Amino acid sequence: MDDFRAGRVDVLVATTVIEVGVDVPNATVMIVEDADRFGLSQLHQLRGRVGRGAAQSWCFLFGDPTTPEGDERMHAMASSTDGFLLAEKDLEIRGAGEVFGERQSGFSDLKLGRIPRDEPIVMETRRVAEGILDADPELAAHAQLREEVEDLLGDDVEFLFKS
């Protein structure tokens with residue numbers, strides 16, 4: 001890596017370890033094999049390793065998607081360089097995962113809401129919930145709400161205080 005950074009070596013073959021923390025302005029070409037198997041955020045990070053200097057640069061993504069999601073990821077990468085847009089597309093493709101659990105992708109356990117579409121409602125709901133908990137931490141004056149929380153979380157109410 002030091003030889004590549006110093007310009008003594010023209011080609012670096014690497015794993016995704018170069019995804020973050022590598023700043024080599026003279027790196028101008030990147031080839032990613034099986035790109036359809038990576039997430040959009042990771043591909044965006046990889047692509048960001050080239051084009052940091054004054055010279056023209058290219059990132060070639062090679063893949064043979066075998067799923068609709070793989071096709072969508074490749075199309076999204078070819079269509080945008082906007083990290084925020086790609087993050088939203090990644091969320092749309094992968095799913096939000098569980099709000100009340102550990103799964104970080106897939107179908108959400110929210111019955112009515114969809115993140116990020118409903119973000120303003122979610123943020124307002126959080127603000128209201130925090131106000132209720134600040135005024136009534138044991139939910140003594142909100143028996144029905146307390147029962148719903150207990151049914152949903154059981155003894156794991158500490159989950160509510162994780163960000």
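This is a predicted model: local features need pLDDT of at least 70, side-chain atom pairs count only at pLDDT 80 or more; totals for chains, interfaces and linings use all residues.
Residues are numbered from 1 along each chain as its sequence is written, and side-chain values use heavy atoms, with hydrogens and water left out.

Let's start with the overall layout. The protein has 6 helices and 2 strands, taken as DSSP runs numbered from the N terminus (H or I, at least four residues, for helices; E, at least two, for strands). Along the sequence they come in the pattern α-β-α-β-α-α-α-α. Of the 163 residues, 21% count as buried, meaning under 20% relative accessible area with a 1.4 Å probe and protein chains only (over 50% is exposed, in between is partly exposed). Taking contacts (heavy atoms within 4.5 Å) with a separation of 6 or more, 47% join residues 24 or more positions apart.

Now look at helix 4 (residues 83–94), which packs with helix 3 (residues 68–79) at an angle of about 170°, the axes 11 Å apart. Axes here are lines fitted to C-alpha atoms, over the stretch in contact for helices, and angles run from 0 to 180 degrees between N-to-C directions. Helix 3 and helix 4 are therefore roughly antiparallel, the label for angles over 145 degrees. Helix 3 brings Glu69, Glu72, Arg73, Ala76 and Met77 to the contact, and helix 4 brings Leu86, Lys89, Glu92 and Ile93. That makes 4 nonpolar, no polar and 5 charged residues; Ala, Val, Leu, Ile, Met, Phe, Trp, Tyr, Cys and Pro count as nonpolar, Asp, Glu, Lys and Arg as charged, and the others, Gly among them, as polar.

Helix 4 also meets helix 2 (residues 40–47): their axes come within 8 Å and cross at roughly 155°. This pair is therefore roughly antiparallel too. Leu40, Ser41, His44 and Arg47 of helix 2 touch Gly83, Leu86, Lys89, Asp90 and Ile93 of helix 4, a set of 3 nonpolar, 3 polar and 3 charged residues.

Next, find Val17 in the loop between helix 1 (2–6) and strand 1. Val17 is exposed, with a relative accessible area of 62%. Its C-alpha lies 9.5 Å from that of Leu46, 29 residues away in sequence.

Finally, the lining of the second largest pocket divides into 18 nonpolar, 5 polar and 3 charged residues. Strand 1 (residues 29–32) supplies the largest share, 4 residues.

Definitions and conventions
Angles under 35 degrees count as roughly parallel, over 145 as roughly antiparallel, 65 to 115 as roughly perpendicular and the rest as oblique.
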